[in-house]
Amino acid sequence: MDAFYAYYKDFTPNPTLSLFANFDALSLSRNWAPGGRARTRARRHFRNAMIEEFNTTYGTDDCDLGSWQNLCRVVGVASVPDSITQCKKAIRKTHVNLVDLIDLGSSGGVVTAFASLKMLRDYTRETGKYFPKNPTKEGGILKALLRDMARGAEE
């Protein structure tokens, strides 16, 4: 997110605030109107920066066992597997909010894992913490965590 905020030299994000809270603070500091052109453009860049932040923090190489194992630890997989295939299987069974995962960053904590896709959807809808989809920027590791947030998609 540093590259995104570097563009706005007179704004310093607060590290204790969430991603969206910092974006809202930036919007207020710039007097961007909700739905206005400047805010919409900045939001698009912000969403791309979120994807880049995920890729930088957790990796993009889906052949890197260390990246998969790190991700398993962060999302709370009880016994971190010794193979990429087993890591992928464990990740596919995991439902985490990706915005929370980025907010967690390198703090060393564990993100909340939901028991079902429905519970993740409900949480995401309640909080508005939707992670963008952009196939041109998504690495293989990110793709394994993306879930369809539309109702009726497979649980």
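Reader: Before we start, what do the numbers rest on?
Author: This is a predicted model, where local features need pLDDT of at least 70 and side-chain atom pairs pLDDT 80 or more, while totals for chains, interfaces and linings use all residues. Residues are numbered from 1 along each chain as its sequence is written, and side-chain values use heavy atoms, without hydrogens and water.

Reader: Why is Arg121 called buried?
Author: Buried means under 20% relative accessible area with a 1.4 Å probe, counting protein chains only. Arg121 has 3% relative accessibility, so it counts as buried. Its place is in helix 7 (residues 117–127), a helix being a DSSP run of H or I with at least four residues, numbered from the N terminus.

Reader: How do you know that the span of helix 3 is close to the expected one?
Author: The expected span is 1.5 Å times one less than the number of residues. Helix 3 (residues 37–58) has 22 residues and reaches 32 Å from first C-alpha to last, close to the expected 32 Å. Just after helix 3, Gly59 takes a positive phi of about 95°.

Reader: What makes a set of residues a nonpolar core?
Author: Its members are buried Ala, Val, Leu, Ile, Met, Phe, Trp, Tyr and Cys residues, joined through side-chain atoms within 4.5 Å. The largest such core here has 39 residues, and Phe46, Met50, Phe54, Leu98, Leu101 and Phe131 touch the most other members. Helix 3 gives the largest share of this core, 7 residues.

Reader: Which residues is Phe131 in contact with, beyond its neighbours within four places in sequence?
Author: Contact means heavy atoms within 4.5 Å. Phe131 meets that with Arg47, Met50, Ile51, Phe54, Leu98, Val99, Ile102, Leu142 and Leu146.

Terms used: Helices (H or I, at least four residues) and strands (E, at least two) are DSSP runs, numbered from the N terminus. Buried means under 20% relative accessible area, exposed over 50%, partly exposed in between (1.4 Å probe, protein chains only).
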